[in-house]
Amino acid sequence: MANKPTELSLIENEAQNGYMAYVRTHTAKLAQELGKKPLAFVLTLGCQQNESDSEKLRGMAAAMGYGITDNPKDAHLLIVNTCAIREHAEKRALSLVGQYKHIKTARPEAIIAVCGCMTAQPHRVESLKRSYPYVDILFGTSQLHRFPEFLAAKLRVGKRVLRSDEPEHTVAEDIPVIRESSYRAWVSVMYGCNNFCTYCIVPYVRGRERSRRKENIINEVKALVTEGYRDITLLGQNVNSYGKDLGADYDFADLLAELDKIEGDYLLHFMTSHPKDATRKLVDVMASGKRIAHHFHLPMQSGSDAVLKAMNRRYTFEKYIGIVDYIREKMPDATITSDIIVGFPEESEKDFEDTLNALRRARFDMIYSFIYSPRKGTPAAEMSQISKELQSERFDRLLAVQNEIALVANKPFEGKTVRVLCDGRSKNKEAAITGRTEGGKIVFFDGDDSHEGKFVNVKIERAETFALYGKIEK
């Protein structure tokens, strides 16, 4: 099959092992000079996939002899994992990279690496090469597994290693991982995207779809459950496309059903699901599963068929709402969340009203709403843009409608007891502890540090637009 991904085991690959050994020799010498282990700092910008990638970057850094720090000023290796979904994210990344120049000036031996989605865009790469000469290593998302090679090359030769223009069709397994949490975990089931929505940069920066083999995913999830992870989220730009590139005789619903058979006290989530590929079979598997969260994140983007066509989403609102209705039929308790883009090029007042009416019809528990941001190199960037003032005005109107819907959706929780996975200390002055329900709703309640990472039953006393408040049931 064309573009069938190449599978590579980082641990078993002799070349990569050689690069890691070379760096370990360097870090050992540096540790003797410093009197302590050199440190690595990884900054993550962007989505859950970037967070998952950063966990692998930390794992590789640790395997090469670095300690991990959350303070860039203490680091001898600084890695910036960038996002390109909106212009603001790119500007923030460039600003932060600019701030690290002072670290490089004070400590010339420090190495700065920039990776992630932004580095796959030629104009950003040229900017980094020209205006940020203190950046030592530059590589793209499909080359994550080659980081030890790039770091070894920098240490050996001393010159900059700029490899972001070499996209690969590789699925790398056995990459060391240092996870941010001991009870919530990300598991990538596939990489890349074939959809080419006209507003989206992802297919250009993360490449074509590449699925991991079923047995590798199952083994990873089994290991996580054994280690005590309670919440496991399966990741993919479009999880519904899982397996198509492998010519497999099963799909994402089958994979989810297989994972649900793993014994243990945990929940399976997944994101993101493209509506054009969301099937009744998937909903049926969720409804009959024992450990699959009744939470469906289904990005609508717009309620206007004209805008959806201009976005190349390949579904109508009628098809979309049919999926939502079926989810609610099979799982009346399901939490349904969505993404909405406001101010897409040429969006008329009628188009926007269609979106508001779609919100009222779909009754989402929560939405992630964004003002459209042109992405250079995408078709939508060449379309006729609407004013920022009109975008902002529509954004405010959208939030007003959705906030009212969300409050109505949360009110029935008052007086009910819900199962919550505790995330630990809260910044909310009204409650000491925070956690999330199976559907991802934020819950604030009284408790102590002993509850972190555990499921607790919380009786909800008050429901607000963005959170629930209650007390642990003894």
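Visitor: Is Arg397 buried, partly exposed or exposed?

Guide: Burial is read from relative accessible area, where buried means under 20%, exposed over 50%, and partly exposed in between, with a 1.4 Å probe and protein chains only. Arg397 is partly exposed, its relative accessible area being 25%. Please keep in mind that this is a predicted model, in which local features need pLDDT of at least 70 and side-chain atom pairs count only at pLDDT 80 or more, while totals for chains, interfaces and linings use all residues. Residues are numbered from 1 along each chain as its sequence is written, and side-chain values use heavy atoms, with hydrogens and water left out.

Visitor: Which residue forms a salt bridge with Arg397?

Guide: A salt bridge is a side-chain nitrogen of Lys or Arg within 4 Å of a carboxyl oxygen of Asp or Glu. Arg397 pairs in this way with Glu353, the closest N and O atoms being 2.9 Å apart. Arg397 belongs to helix 14 (residues 388-410) and Glu353 to helix 13 (residues 349-362), so the bridge ties together parts 44 residues apart in sequence; helices here are DSSP runs of H or I with at least four residues, numbered from the N terminus. Glu353 is partly exposed as well, at 29% relative accessibility.

Visitor: How many salt bridges does a search of the whole structure find?

Guide: The search finds 34. One of them joins Arg206 to Asp53, with the closest N and O atoms 3.0 Å apart, and this pair links helix 7 (residues 202-206) with helix 2 (residues 48-63) across 153 residues. Arg206 is buried, at 5% relative accessible area, and Asp53 is buried at 5%.

Technical notes
Helices (H or I, at least four residues) and strands (E, at least two) are DSSP runs, numbered from the N terminus.
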